[in-house]
Amino acid sequence: VGYWRMGETSGAITDWLNGTFPGTLHGVSSGLTTPGCAGGLVGDNNRSVAFKGDALGGITARVRIGTTPLGDSSALTLEAWMFSPTQPASAMPLFGRATGAFSASNHGYYLRVNCGGVVQFSQQGISNELTTPLSAIVANTWHHIIGTWNGSFQNIWVDATLVASRAQTTPMSTTGVTAGAD
């Protein structure tokens, strides 16, 4: 289990839960990743990280967490606060695990927003993906997004409302973790 607030203005991203799984910012020198941005909670001085694009010259904007802290592969919860000034034109990863470029064969679990404000969540690759209706996410607004899987059901929650659910018993993948990129 890990918890990354991403409020640091530089250096490693702290695992606030137990300090065991720090993250590493990628894309800062290229301007794709900006730590220390205003957060989404009014009156909270903690900051956030802005990811400004997918890739530039092979550099991906992301926080690389490394070997997964999940341990128990019988359940999964991925949770993120996100803000985008425009609707995404392509997949906007929030949290995920992959062994290379995104494809059906190498993608594990993920939570992301795609074109039209659709939220996508999977605990085992794109063939097991749960999606929300269009416009679950609107531009220029902070959203609290949660994907859960309890070994039997997948659920997607947006701003405390259940927006998609289905039965799903496929086992979960448990390798390296990334925030802000696939």
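Colleague: Arg 112 and Glu 129: buried or exposed?
Modeller: Both Arg 112 and Glu 129 are buried. Keep in mind that this is a predicted model.

Colleague: What do the side chains of Arg 112 and Glu 129 form?
Modeller: A salt bridge, at 3.5 Å from N to O. The count for the structure is one salt bridge.

Colleague: And where do Arg 112 and Glu 129 sit in the chain?
Modeller: Arg 112 is in strand β9 (residues 107-114), while Glu 129 is in the loop between β10 (118-122) and β11. They are 17 residues apart, and the pair links distant parts of the chain.

Colleague: Switching to aromatics, how many pairs does the structure hold?
Modeller: One aromatic pair. The ring centres of Phe 83 and Trp 142 are 5.6 Å apart and the planes are at 40°, so the pair is tilted.

Colleague: Which parts does the pair of Phe 83 and Trp 142 tie together?
Modeller: Phe 83 is in the loop between β7 (76-82) and β8 (92-98), and Trp 142 is in the loop between β11 (130-131) and β12 (143-149), so the pair ties together parts 59 residues apart in sequence. Phe 83 counts as partly exposed at 35% relative accessibility, and Trp 142 counts as partly exposed at 28%.

Colleague: What's the strand order in the open sheet?
Modeller: The order is β7-β12-β13-β14, with antiparallel pairing. β7 and β14 (161-167) are at the edges with a single partner strand each, so one side of each has no neighbour in the sheet.

Colleague: How many bridges join β12 to β13?
Modeller: Five. As for Thr 148, its bridge partner in β13 is Asn 155.

Definitions and conventions
Residues are numbered from 1 along each chain as its sequence is written. This is a predicted model: local features need pLDDT of at least 70, side-chain atom pairs count only at pLDDT 80 or more; totals for chains, interfaces and linings use all residues. Side-chain values use heavy atoms; hydrogens and water are left out. Rings of Phe, Tyr and Trp (its six-membered ring) pair if their centres lie within 6.5 Å; planes under 30 degrees apart count as stacked, over 60 as edge-to-face and the rest as tilted. Helices (H or I, at least four residues) and strands (E, at least two) are DSSP runs, numbered from the N terminus. Buried means under 20% relative accessible area, exposed over 50%, partly exposed in between (1.4 Å probe, protein chains only). A salt bridge is a side-chain nitrogen of Lys or Arg within 4 Å of a carboxyl oxygen of Asp or Glu. Two strands pair if DSSP finds at least two bridges between them.
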